[in-house]
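Please consult the sequence and the structure shown here alongside the text.

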Amino acid sequence: MHNESRRSLIKAMALTGAGVLAPSAFHSAHAGSTADIKANRTENGMKQSSLKGNINHSVSRWTYGDLSIEELCNTVKELNFSAIDLVGPEDWLVLKQHGIDSSMCNGAEISLEDGFIHSELHDELEARYLKHIDLVADAGYTNLICFSGNARGMSKEEGLNNAVAGLKRILPHAQKRGVVIFMELFNSKIDHPDYMADSSKWGVQLCKRLNSKHFSLLYDIYHMQINEGDIIRTIRDFHPYFGHYHTAGVPGRNEIGSTQELYYPAIAKAILETGFDGYLAQEFIPTPDTKAGRVESLKEAISICDV
């Protein structure tokens, strides 16, 4: 059910996001830039000292889908951070009105299962991503997500070759527009059976073959704990290839506190020690029955990771 929630949201973004807002219309309605948002974040951090300011916190939109985008923006501000992950163009104006960064944009993808390892989809993916790169850049944002897709009998090597060929068709435009394309790593044992990019090793090989500052990995701690473990060592060894992080508790993908096997203060500290200055986004599914309880879960998660 949790996977379906995310799939449903991403499918809706993919169907509507890529053409929701023309760049000229966006700028005429609300001028803004990543620099403005970062300046706002710094100013807020100076005024509100409840967070240490070492970690750039974010929260995934889909995990708080019971809140309107306005409510989630207000919640984020109340908790003294200023970013939301996995937001499409239809919500960017609201984020800008609240001074909230879109820390990972989406909406260009076809689906989680149909991605860049499928050469027969490269024409469609190229068209979608070239258009969305412009939307992201014109909105003043930087990060845009993509997916490998499911193997469907394809070997890891063939998947790498196909992904390199497909991504090379969009990376020159991403570089021109100052956008970074992120491929998310998923576990293939529980949540996303048959997903190709299910290990750090495969993702790092893809990064090395592309050799572009405009391609990076979204290292999902929950997913990689399930598929390979050894989280802190992996972060220390391969951090140059990890440009964005997601959290969630293991097992269950719920709150990241003492009821599960990952100790996030140590993980967040290890990330910080690498010199990382990107975003650590909460992507756990809150368990309380009330909105107030779910917001309290987010508050606690931010506190745990605020090292």
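Asp 138 counts as buried, at 16% relative accessibility; buried means under 20% relative accessible area, exposed over 50% and partly exposed in between, with a 1.4 Å probe and protein chains only. The model is predicted: local features need pLDDT of at least 70, side-chain atom pairs count only at pLDDT 80 or more, and totals for chains, interfaces and linings use all residues. Residues are numbered from 1 along each chain as its sequence is written, and side-chain values use heavy atoms, with hydrogens and water left out. Asp 138 lies in helix H6 (residues 122-138); helices (H or I, at least four residues) and strands (E, at least two) are DSSP runs numbered from the N terminus. Between the C-alpha atoms of Asp 138 and Arg 177, which are 39 residues apart along the chain, the separation is 8.6 Å.

Ser 102 belongs to strand E3 (residues 101-105) and is buried, with a relative accessible area of 2%. Apart from neighbours within four places in sequence, Ser 102 is in contact with Ile 84, Val 87, Trp 92, Leu 95 and Tyr 141, where contact means heavy atoms within 4.5 Å. Ser 102 and Asn 143 are 41 residues apart in sequence, and their C-alpha atoms are 8.2 Å apart in space.

## The chain as a whole

The protein chain contains 13 helices and eight strands. Of its 307 residues, 57% are buried. Among contacts between residues at least 6 apart in sequence, 77% join residues at least 24 apart.

## Packing of H7 and H9

Two packed helices are described by the angle between their axes and the distance between the axes. Helix H7 (residues 156-167) and helix H9 (residues 200-210) pack at about 40°, and their axes are 10 Å apart. Axes are lines fitted to C-alpha atoms, for helices over the stretch in contact, and angles run from 0 to 180 degrees between N-to-C directions. H7 and H9 are therefore oblique to each other; angles under 35 degrees count as roughly parallel, over 145 as roughly antiparallel, 65 to 115 as roughly perpendicular and the rest as oblique.

On the H7 side, Lys 156, Glu 157, Gly 159, Leu 160, Asn 161, Ala 163, Val 164 and Leu 167 meet Trp 202, Gln 205, Leu 206, Arg 209 and Leu 210 of H9. The residues of this contact comprise seven nonpolar, three polar and three charged; Ala, Val, Leu, Ile, Met, Phe, Trp, Tyr, Cys and Pro count as nonpolar, Asp, Glu, Lys and Arg as charged, and the others, Gly among them, as polar. The buried residues of H9 are Ser 200, Trp 202, Gly 203, Val 204, Leu 206, Cys 207 and Leu 210. Just after H9, Asn 211 takes a positive phi of about 50°.

## Aromatic pairs

A search of the whole structure finds nine aromatic pairs. Rings of Phe, Tyr and Trp (its six-membered ring) pair if their centres lie within 6.5 Å; planes under 30 degrees apart count as stacked, over 60 as edge-to-face and the rest as tilted. The ring centres of Phe 186 and Tyr 195 are 4.6 Å apart and their planes are at 45°, so this pair is tilted. Both Phe 186 and Tyr 195 are buried.

For Tyr 219 and Tyr 245, the centres are 5.9 Å apart and the planes at 75°, so the pair is edge-to-face. This pair links distant parts of the chain, with Tyr 219 in strand E6 (residues 215-220) and Tyr 245 in strand E7 (residues 242-247), 26 residues apart. Both Tyr 219 and Tyr 245 are buried. Ring pairs link Tyr 219, Phe 242, Tyr 245 and Phe 276 into a cluster.
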